[in-house]
Amino acid sequence: MAFISSGYNPEKPMENRITDIGPRHFEEFLPPVIKKNKGTWAYHEILEPGVLLHVADSGDKVYTVRCGGARLMTITHIREICDIADKYCGGHLRFTTRNNIEFMVTTEDEAKALKKELNGRKFAGGSYKFPVGGTGAGVTNIVHTQGWVHCHTPATDASGTVKATMDAVFEEFVNMRLPAPVRIAMACCLNMCGAVHCSDIAILGIHRKPPMIDHEHLDNMCEVPLAVAACPTGAIRPTKTEWQGKQVNTVAVKEERCMFCGNCYTMCPSMPLSDKEGDGIAIMVGGKISNRITRPAFSKVVVPFIPNEPPRWPTMTKVIKQILDAYSKGARKYERLGDWANRIGWERFFEVCGLEFSHHLIDDFRDPAYYTWRQTTQFKF
Amino acid sequence: MAKHKTPLLDQLESGPWPSFVSDIKQECENRAKNAKGVDYQVPADCPDDLLGVLEMSYVDGETHWKHGGIVGVFGYGGGVIGRYCDQPQMFPGVAHFHTVRVNQPSGLYYKTDFLRQLCDLWELRGSGLTNMHGSTGDIVLLGTTTPQLEEIFFELTHNMNNDLGGSGSNLRTPSCCLGQSRCEFACIDTQQLCFDLTQTYQDELHRPAFPYKFKFKVDGCPNGCVASIARSDFSIIGTWRDEIRIDQKAVAAYAGGEIKPNAGAHAGRDWGKFDIQKEVAERCPSGCIRYEGGKLEINNKECVRCMHCINTMPRALRIGNDRGASILCGAKAPILDGPQMASLLVPFIKVEEPYSEIKEVIENIWDWWMEEGKNRERLGETMKRLSFQKLLEVTNLKADARHVREPRHNPYIFWKEEEVTGGWKREIADYRKKHQK
């Protein structure tokens, strides 16, 4: 392997340097029918799961075929996507904010052919490459984070938990038979790089053991005051300790105050907290982002801990299925998962979902906790 | 022949959903074959080693990526995230495996020639693995080595006319929904606004000057497809302030069953005959819809623009014509202080190029937050600590009943001296003249 330079000269880093140009202008990439009718769309219809029709005031139509993707994708896969877009869509395509891929054409026949083509392509291992679906009152693709594939703070894997979940709820991806859309999101630690804090169903990686302290390196690798300030519960204090006969500056952790958020580790690499038995998954439900009918809402924790069970996380997928099935059975048309739970009452939610309520589910973090306790005699037996 | 045995990951090849394991394996094979004779600039077997290290995590139940590492391109403080494997001897192909964030086009539309260029670049100088897209919205190129970073940046800017995105305590790459390009609900041109803000604030995007990350997200309507209300420090959501346009003929067609309600989103189950009274009028959160004698009436003054009626009958009801946006501030995920939803700051603002009014609000907020924000404090936390009133003060906006869900519960009001007749300076001696000790 010989180093190939593309023209960058480390001796003269400013020579020919181009900076701060931003992204390409989106107009360069718009399909002609989109560009022509931008801002004048009249209405849309979902013709079948995964196939959308948009009609413009001009009478122009665009058919969109939407398919799921794994988010983590290789260039071989992207080139295949490009081949399909070249063959059917004049080289145009788009991604959705939930990692679906959309191919747009101008006739229904082309859309049908596209759908057939996409559903016909499979990976060597047997899974679909481009399953068509993800529209309307169903489950669409899961927004997720990096997990064990690429992140330094995860409490679980992201790609694996998502694959396992989407396999389990696949029928809801290719159908539109739920009361309302169900948005599932996944974040592999409390930093929540995905928007799981406002999702109908959220898969969240959590830690349960306080950080270990690497006294040998802490003072070299961390700013002690930053590590102390990082702790939202004030569990960390500066201290000195003896290490191999030498006095070193380090920190001490008041362990009963730790809520395992991992923020100390983010600030100080000498305080790792990942652990095979300690780490796992919490399930949150009832969040939403849309302002439709009810206002946006945060997700609520309904299962405090499920152990990591790679590669398929069967307990986690079972719980998700239970919640989805109870919701599907009990909710009214248009009612989002959290609105349904609010209507029937959370005490009833646990009953119909077959979930156990435990003390871990009562909020005990600062002011917001108080607003979640019940201040009425109105409750259900 | 696979380099590492991956019995656990192999189980993720079955099932209908696209398997990332199968995908990575096909990349491993292609790189091993190297049919095009590419002179790979990072180890050709890095996808194999990625599977190897991931399999080890599946066994250990722990990650094997090290914490941090500061790498980047000259003059930028963001866009590249350093990443190193903690078992480099076992997996030399991913010993150095940095992430590059590439600024995505607004609305995530692509031409294949651009994507193919990106693939060629990432074949030569990276692992061949990507995220399409990361949670912030960027194109994420996953896995390269330090000597490649400047070369990647050079090729991106010179050959592809495209920049890196943001990371660290920077403005993060702004993102938006697809907006007016293909959505009848979009009240504003989200793509143009997102592009303009990205271009205007290139310096803030690439050079860390903030207490922490700062995110712009632009939603075209209150449906919120890009989740701006939950995820962005500065959330711009399209809205209107006049009347929902009604086509009574289409209303009748919905009533008669000629048009499927909700654009067909519920087609998979028999929910019975569409009932406008029950499904639209009675579900209106502000109760401002009347359906009588086959006519739909909306008392627009009481409408809160939740989108339900429009979503349900898109061919009969359309957004108003006096369009603009609401601005909400301070959303974030739970770290550190619990999750925060964005709070309404500007109920209505016109969205017209060059967007000076919006930029004025942004820059006033930044001036304040950069001065007062603590290290790693998101805007939402600064707002909580220093009060919403302070935010109004620094943005020169007037308090409005729309700013609150309900007025305060406690009367502990921080009156300012100038708000009180006679000011605060008093003499104890004067007081004692009238009041014995």
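In which loop of chain B does B:Lys260 lie? In this predicted model, B:Lys260 is placed in the loop that runs between α9 (248–255) and α10 (276–281) of chain B. With a relative accessibility of 43%, B:Lys260 counts as partly exposed, since a residue is called buried under 20% and exposed over 50%, and partly exposed in between. When residues up to four places away in sequence are not counted, B:Lys260 touches A:Ile46 and A:Leu47 of chain A as well as B:Tyr254 of chain B. The C-alpha atom of B:Lys260 is also separated by 8.4 Å from that of B:Met313, a residue 53 residues apart from it along the chain.

The contact between the chains takes 147 residues from chain B and 141 residues from chain A. The area buried between chain B and chain A is about 12900 Å², and carbon and sulfur atoms give 58% of this area. On the side of chain B, the residues that lose the most area to chain A are B:Trp17, B:His67 and B:Arg182, which together give 8% of what that side buries.

Chain A has 381 residues, of which 59% count as buried, and its secondary structure comes to twelve helices and twelve strands. The C-alpha trace of chain A spans about 80 × 75 × 40 Å along its principal axes. Among the contacts in chain A between residues at least 6 apart in sequence, 63% join residues that are at least 24 apart.

Within chain A, helix α9 (residues 314–330) and helix α11 (residues 346–353) have axes that come within 9 Å and cross at roughly 115 degrees. The two helices α9(A) and α11(A) are therefore roughly perpendicular to each other, and their crossing is right-handed. The contact is made by A:Gln322, A:Ile323 and A:Ala326 on the side of α9(A), and by A:Phe349, A:Val352 and A:Cys353 on the side of α11(A). By class, the residues of this contact comprise five nonpolar and one polar, with no charged residue.

The contact of α6(B) with α12(B) is made up of four nonpolar residues, one polar residue and two charged residues.

Several loop residues may be described individually. In chain A, A:Asp200 is placed in the loop between β7 (184–187) and β8 (201–206), and with a relative accessible area of 0% this residue is buried. Apart from its neighbours within four places in sequence, A:Asp200 is in contact with A:Pro181, A:Val182 and A:Arg183, with A:Met284, A:Val285, A:Gly286 and A:Gly287, and with A:Arg336 and A:Leu337.

The backbone also shows positive phi values in residues other than glycine. For A:Arg71, phi is near 65 degrees; this residue is found in the loop between β3 (61–67) and β4 (72–74) of chain A, and at 2% relative accessibility A:Arg71 counts as buried. For B:Ala227, phi is near 60 degrees; B:Ala227 lies in the loop between β7 (216–219) and α8 (228–231) of chain B, where at 6% relative accessibility it counts as buried.

Cis peptide bonds are found in chain B. The peptide bond from B:Met132 to B:His133 is cis, with omega near 10 degrees, and B:His133 is located in the loop between β4 (129–132) and β5 (139–142) of chain B. A cis peptide bond also joins B:Ile335 and B:Leu336, with omega about 0 degrees, and B:Leu336 has its place in the loop between β13 (323–329) and β14 (343–349) of chain B.

How values were computed
Residues numbered from 1 in each chain as written. Chains lettered and ligands numbered in written order. Predicted model: local features only at pLDDT ≥ 70, side-chain atom pairs only at ≥ 80, totals over all residues. Heavy atoms only, no water. Axes fitted to C-alpha atoms, helices over the stretch in contact; angles between N-to-C directions. Helix = DSSP H or I, 4+ residues; strand = E, 2+ residues; numbered from the N terminus. Parallel < 35°, antiparallel > 145°, perpendicular 65-115°, else oblique. Left-handed = near helix turned anticlockwise from the far one by under 90°. Contact = heavy atoms within 4.5 Å. Nonpolar A, V, L, I, M, F, W, Y, C, P; charged D, E, K, R; others polar. Buried < 20%, exposed > 50% of the residue type's maximum accessible area, 1.4 Å probe, protein only. Buried area = accessible area lost by both parts, 1.4 Å probe.
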